[in-house]
Every structure is written in C-alpha cells, then in structure tokens.
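Me: I've got a model open and want a quick tour. Can you walk me through some of the contacts and links?

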Amino acid sequence: MQGYTEVVVTAENAIAGLLLLANLSLVGLVVGQGFTGALSAYTPAPLVTLKERINTERLRITHGAPMGASRPSMDSQRPGPLNYAQNRHRIAGVDGFTGDPCPALADFLDHMDAGIREAGGALPPVPRETLLIGTNCSVNDPVVNLGLRKYRAAWVEAGLRPLYPFKFLAKK
C-alpha cells in the first residue's frame, strides 16, 4: 500500500511539473512576440446595429454595387445627426426655435423624406399639405404632432437615429 501512495504522488508531481513547463513556455512565447512587436492592441470596430447592416446591404443591392465593393461607413450614408445634440433642425414648439414656423416645418419634412428614402424606408402616409396649410406649423398643434409622430416612426423603422425635434412629440 505504501508503494502505491508514492506512485500517485510522483505522478501528481510529474503532471504539475509538465503543466508548469507548458505555462512557462506559453509566457515565454507571448513575451518574445511582445518584444518583436508582433502583438498589437485590440481595437474594436464601431458598433453597427443589425438594422443598420440590413439597410446598408439593401442600399448596396439597389444601387448595384459589386459584391466585393467596400462598404460605406454608416455615418457617411446617414442623413441625420448622430445624436440629439448635433442636430440643427428646429421647428416651432421646439426649444431654441426662431423664425417662420411653416418654412422650417417644410424643410424638416424634406429632410426626413430624403433620409427615409436614402435608408430604404417607406414614407409615412401623411399629406404634407395637411401639415403646412391650416395649422400653425408647430409641434404643439395636434395635427402637426400626429403627422410628425408618423414620420418619427418611419424614420426610426428605417434604422436612423432620432432627430432632436422628436423629443417634443409627446402624445397630445
């Protein structure tokens, strides 16, 4: 019985020695690669949502780009701003608005139409004349608010980031 215990201890020591030797060789390999400059820091790619990738692929297919063509960055094809703070669009009823409300609303609608089309989305069934004629062209007008909420839904559904005036489209 005593001899069996010595064999087990010797086998355990041998296994531990081999593991230690393997670890030391792995550390030596990594250190050697580090000194030669073969290792580089990991830099992750910018986050691209699945919806954005799908829209990019849809645009590539509709514009007939070849399969091996390089993919444009999402920021270069996105007509809208990257976040609320970078957006310059102001319409009546939005903080910081100055000017004539109806031309500002018309420009905003043009911007949203172009962005939704470019992203491959479907325009909402909102007649522009209804928003621009017979209203005060302000977010506070219930007709304008409802129409812009439909535009917001189409904008977000197309995979675009929200625009600043969307913050003011509470259900009224």
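Me: Start with S138. Where does S138 lie?
Reply: S138 lies in the loop between α5 and α6. Helices here are DSSP runs (H or I, at least four residues), strands are E runs of at least two, and both are numbered from the N terminus.

Me: Before we go on, what sort of model is this?
Reply: This is a predicted model: local features need pLDDT of at least 70, side-chain atom pairs count only at pLDDT 80 or more, and totals for chains, interfaces and linings use all residues. Residues are numbered from 1 along each chain as its sequence is written, and side-chain values use heavy atoms, with hydrogens and water left out.

Me: Back to S138. Buried or exposed?
Reply: S138 counts as buried, at 8% relative accessibility. Buried means under 20% relative accessible area, exposed means over 50%, and partly exposed is in between (1.4 Å probe, protein chains only).

Me: What does S138 touch?
Reply: Leaving aside neighbours within four places in sequence, S138 is in contact with A92, G93 and V144. Contact means heavy atoms within 4.5 Å.

Me: And which backbone nitrogen does the S138 side chain reach?
Reply: That of N140, at 3.1 Å. That is a polar contact: a pair of N or O atoms within 3.5 Å, where within protein one must be able to donate a hydrogen and the other to accept it, and residues adjacent in sequence count only if both atoms are side-chain atoms.

Me: New topic. How many disulfides are there?
Reply: One. C102 and C137 form it, with their sulfur atoms 2.0 Å apart. The cut-off for a disulfide is a pair of cysteine sulfur atoms within 2.5 Å.

Me: Which parts of the chain does the pair link?
Reply: Distant ones: C102 is in helix α4, C137 is in the loop between α5 and α6, and they are 35 residues apart. The link of C102 and C137 is right-handed, with 85° about the S-S bond.

Me: Is C137 buried or exposed?
Reply: C137 is buried, with a relative accessible area of 0%. C102 is partly exposed, at 28%.

Me: OK, salt bridges. How many?
Reply: Two. A salt bridge here is a side-chain nitrogen of Lys or Arg within 4 Å of a carboxyl oxygen of Asp or Glu.

Me: Which residue pairs with D110?
Reply: R128, with the closest N and O atoms 2.9 Å apart. D110 sits in helix α4 and R128 in helix α5, 18 residues apart.

Me: And D113?
Reply: The side chains of D113 and R128 also meet in a salt bridge, at 3.2 Å from N to O. Shared partners join D110, D113 and R128 into one network.

Me: How accessible are D110, D113 and R128?
Reply: D113 is buried, at 8% relative accessible area. D110 is partly exposed at 40%, and R128 is partly exposed at 23%.

Me: Which α6 residues are buried?
Reply: V144, N145, G147, L148, R149, Y151, A154 and W155. What covers them includes α4 (101-118) and α5 (128-132).

Me: What happens at the ends of α6?
Reply: At the start, a side-chain oxygen of D141 reaches to within 2.9 Å of the backbone nitrogen of V143. Just after α6, G159 takes a positive phi of about 90°.
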